[in-house]
There are 2 protein chains.
Amino acid sequence: MGAATGVDGLLSQRGHNVGESRGLPGAREGVISFSGGFPDPARFPYTEIAEATARTMQTHGQWPLQYGPSMGYEGMLDFLVEKLGKHQGIQCSRENLLLTAGGSQALALLCDLFVDQGDTVLSEAPTWMGAGRIFRNVGAEVESVPLDGEGTRVDALEERLRDLKARGVTPKFFYIIPNFQNPSGVTTTLARRQRIVELAAEYNFAILEDDAYFDLRFAGEKLPTLYTLDGGRRVFYFGTFSKILAAGMRLGWIVGDPAMIGRMGGLKAEGSTNPFAAHVAFEYCKDGRLDARITDLIETYRRRRDLTLGELDERMPEDVTWTVPDGGFFVWVTLPESVDVQRLLPKAREAGLEFSPGPIFYFDGSGRHRLRLSYSYVEEDQLARGVQLLADLIREVSSEQ
Amino acid sequence: MGAATGVDGLLSQRGHNVGESRGLPGAREGVISFSGGFPDPARFPYTEIAEATARTMQTHGQWPLQYGPSMGYEGMLDFLVEKLGKHQGIQCSRENLLLTAGGSQALALLCDLFVDQGDTVLSEAPTWMGAGRIFRNVGAEVESVPLDGEGTRVDALEERLRDLKARGVTPKFFYIIPNFQNPSGVTTTLARRQRIVELAAEYNFAILEDDAYFDLRFAGEKLPTLYTLDGGRRVFYFGTFSKILAAGMRLGWIVGDPAMIGRMGGLKAEGSTNPFAAHVAFEYCKDGRLDARITDLIETYRRRRDLTLGELDERMPEDVTWTVPDGGFFVWVTLPESVDVQRLLPKAREAGLEFSPGPIFYFDGSGRHRLRLSYSYVEEDQLARGVQLLADLIREVSSEQ
């Protein structure tokens with residue numbers, strides 16, 4: 001019998017795996033924030049969403065306010081079937097789709113579907129820090145696969161797979177962000193995508209393809225999704241409205257094998273993904289409005305990327321390097337060996353500058369000479385000052401060595 | 001290495017525990033539906049929600065459409081602190097609260113916090129069928145505790161606890177719906193609430209208090225919550241806006257120990273519970289509007305309960321009995337031994353009548369002579385015809401014996 005002072009002794013492994021969360025979003029007043037992967041709030045369609053809500057309340061009957069179907073509002077599923085076919089080149093039908101509370105819930109449901117405590121999974125590293133928390137919640141052991149300028153290092157992936165096989169370990173899946181990766185900004189090439197799909201068949205693992213930034217491509221040609229290359233057999237493709245419509249509506253989707261999609265519907269305890277938000281988003285998106293919005297956003301974020309890259313070129317010390325993303329929100333900066341990002345960060349905060357330090361994107365604490373700049377949330381007229389501040393601080397820390 | 005035909009061989013225990021879900025809500029056209037616990041769609045505040053959305057878009061800045069704080073929109077948390085103090089008599093502060101996607105996600109998060117595969121939990125039986133699915137998802141072994149007209153049979157609970165202790169099993173929690181229970185309609189008395197809290201301290205288990213129907217009391221005095229009786233130490237109290245505002249907004253809450261609440265925030269993969277819906281709901285609810293709406297809903301559902309009970313009195317065969325709820329949505333009907341609900345159900349469906357058969361509310365398939373009538377979703381002018389249809393079918397099945 002446990003202590004009489006509380007319920008701490010009763011917690012599950014999940015309950016023990018996580019720490020407390022009290023995180024608050026957003027930047028402090030007057031601070032230049034390159035840290036969060038937040039969409040630009042000046043571009044949210046406030047009036048149009050109010051109008052879409054009014055139309056929804058007038059014309060959709062009870063369903064925006066009632067309990068909904070477990071796979072999500074059918075109008076939105078049909079909209080996604082069309083959108084995915086037209087933009088992503090993914091041919092699917094309603095039964096391949098599950099509506100989720102953003103891409104983060106999509107990844108969590110996939111982890112629930114595949115992972116038991118102690119199972120091994122493969123992930124790009126660096127990768128989205130939210131994935132680390134989700135993997136920890138389910139008690140996964142994560143094997144890291146490094147990246148280079150062409151995306152996932154497939155040679156390293158294959159080596160890892162061979163090692164694991166020799167040790168009798170079958171990884172459940174490989175987690176990949178193929179386009180404008182978070183945090184590195186790099187895009188995995190077609191040849192590498194093909195090789196990853198081959199390896200998945202050869203070694204029998206699933207692929208979790210997180211394509212949160214797909215629609216925000218500024219340069220280069222669209223590449224086929226791993227889902228399409230695989231024929232939708234062992235790839236689960238997921239995306240989100242967070243970057244292209246509004247993060248606060250918490251709407252995303254998973255595309256996959258119908259039986260597996262049905263199982264994830266059963267794992268989704270809260271039932272239908274927010275019918276109110278789903279109906280309003282549908283009412284906003286239809287009639288070409290989402291397409292028009294995406295076109296506008298590409299212009300906004302391309303200009304911001306270009307300005308950021310220009311400022312970096314002009315202001316950074318010579319021994320600092322960075323990636324050039326073809327889309328998305330992120331530039332990944334490599335500092336000189338003499339500059340530890342953990343020494344840089346408190347000085348930056350004191351100076352009114354926020355960025356994301358490298359180690360939060362790795363599973364093993366590496367990345368001490370790297371940082372992520374997210375240009376999506378910084379006003380254009382603040383970019384030059386932000387980059388200058390960062391350059392000055394790098395020089396200062398470097399000179400202290 | 002598994003089969004090359006797919007990923008079925010890679011599923012987790014959770015993935016295997018659930019079946020596929022493709023459930024669709026709502027009734028067929030022209031059918032009288034006593035089955036779903038759906039709120040009355042004629043009472044949804046369509047226009048007011050459109051107006052609240054317009055105000056929200058004009059006055060809340062970026063936050064309804066942006067990533068939000070992990071514990072939920074603070075304005076709504078503060079609203080709940082006040083509401084819970086005023087109505088439920090629960091004294092708490094913001095740090096005791098987590099906003100969730102309805103009561104169902106609240107229960108799922110509590111299961112994630114406490115339950116590992118194979119752990120034992122205690123639950124009232126009959127109980128909400130959604131709880132059964134959530135318990136199965138986490139691989140819990142469920143021990144049933146029966147009810148009578150005064151709610152949980154605490155003698156049976158204590159006996160079960162003694163048995164389990166003798167077998168060396170520590171149950172993680174007891175799941176209870178104390179007010180107008182789903183499906184039985186009964187309310188657990190104050191004396192029994194006190195005894196349950198004592199037993200929780202003595203045997204060291206948590207209490208999950210699901211109070212989805214609290215606000216919809218038609219008769220009798222409000223009783224103290226188990227949370228209050230326990231002082232908030234080992235009770236987690238949860239509720240929902242689904243019955244008092246709109247199920248489609250998927251908003252609920254958990255009240256509990258701050259450290260445990262913080263852990264559940266960390267387990268909640270999708271981050272902040274729908275900031276868009278949370279801001280709009282807050283904007284709708286404030287300035288006394290939710291209170292006024294609850295007053296109206298009590299009138300609506302009381303009238304519907306009274307009509308249902310009157311029709312049952314008038315039309316049912318003598319050997320049929322039912323409960324008289326002091327609130328909520330449900331009447332629990334006991335059929336004569338000669339009538340198996342599984343024989344009644346297909347005939348009812350053919351005749352255009354829907355209800356929920358007893359066995360879906362039990363963990364062991366019992367309840368074959370019981371059914372739940374939810375009067376919340378049936379138009380007043382359909383109640384008499386619905387009850388008459390049911391009475392006729394009961395007589396028909398009974399005479400076939």
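# Chatting through a two-chain model

Reader: Let's start with A:Arg167. Is this residue buried or exposed?
Author: A:Arg167 is exposed, at a relative accessible area of 56%. Here buried means under 20% relative accessible area, exposed means over 50% and partly exposed is in between, using a 1.4 Å probe and protein chains only.

Reader: Before I go on, what kind of model is this, and how do the labels work?
Author: It's a predicted model, where local features need pLDDT of at least 70 and side-chain atom pairs count only at pLDDT 80 or more, while totals for chains, interfaces and linings use all residues. Residues are numbered from 1 along each chain as its sequence is written, chains are lettered from A and ligands numbered from 1 in the order in which they are written, and side-chain values use heavy atoms, with hydrogens and water left out.

Reader: OK, back to A:Arg167. Which residue does it form a salt bridge with?
Author: With A:Glu143, the closest N and O atoms being 3.9 Å apart. A salt bridge here is a side-chain nitrogen of Lys or Arg within 4 Å of a carboxyl oxygen of Asp or Glu. A:Arg167 sits in the loop between α6 (154-166) and β7 of chain A, and A:Glu143 is in strand β4 of chain A, so the pair ties together parts 24 residues apart in sequence. Helices (H or I, at least four residues) and strands (E, at least two) are DSSP runs, numbered from the N terminus.

Reader: How many salt bridges are there over all chains?
Author: A search of the whole structure gives 54. Among them, B:Glu198 is bridged to B:Arg195, with 2.7 Å between the closest N and O atoms. These two are three residues apart in helix α7 of chain B, so about one helical turn separates them. B:Glu198 is partly exposed at 44% relative accessibility, and B:Arg195 is partly exposed too, at 24%.

Reader: What about B:Glu270 and B:Lys268, buried or exposed?
Author: Both are buried, and their side chains meet in a salt bridge at 2.9 Å, N to O.

Reader: New topic: how many residues of each chain are in contact across the interface?
Author: 97 residues of chain A are in contact with 96 residues of chain B, contact being heavy atoms within 4.5 Å. The buried area between the chains is about 8000 Å², and carbon and sulfur atoms give 60% of that. That area is the accessible area (1.4 Å probe) that two parts lose on being put together, summed over both.

Reader: And how many salt bridges cross between chain A and chain B?
Author: Two. One of them links A:Asp112 to B:Arg14, with the closest N and O atoms 3.6 Å apart. A:Arg14, A:Asp112, B:Arg14 and B:Asp112 are linked in a salt-bridge network.

Reader: Now β7 in chain B. Which way do its side chains point?
Author: B:Phe173 and B:Tyr175 point one way from β7(B) (residues 173-176), B:Phe174 and B:Ile176 point the other way, and all are buried.

Reader: Which strands run parallel to β7(B)?
Author: Strand β3 (residues 120-124) of chain B pairs with β7(B) in the parallel sense over two bridges, and four bridges join β7(B) to the parallel strand β8 (residues 206-210) of chain B. Two strands pair if DSSP finds at least two bridges between them. B:Leu122 stands opposite B:Phe174, and B:Tyr175 stands opposite B:Leu208 in β8(B). β7(B), helix α7 (residues 190-203) and β8(B) make a right-handed β-α-β unit. Right-handed means that, with the strands pointing away from the viewer, the path from the first strand over the helix to the second runs clockwise.
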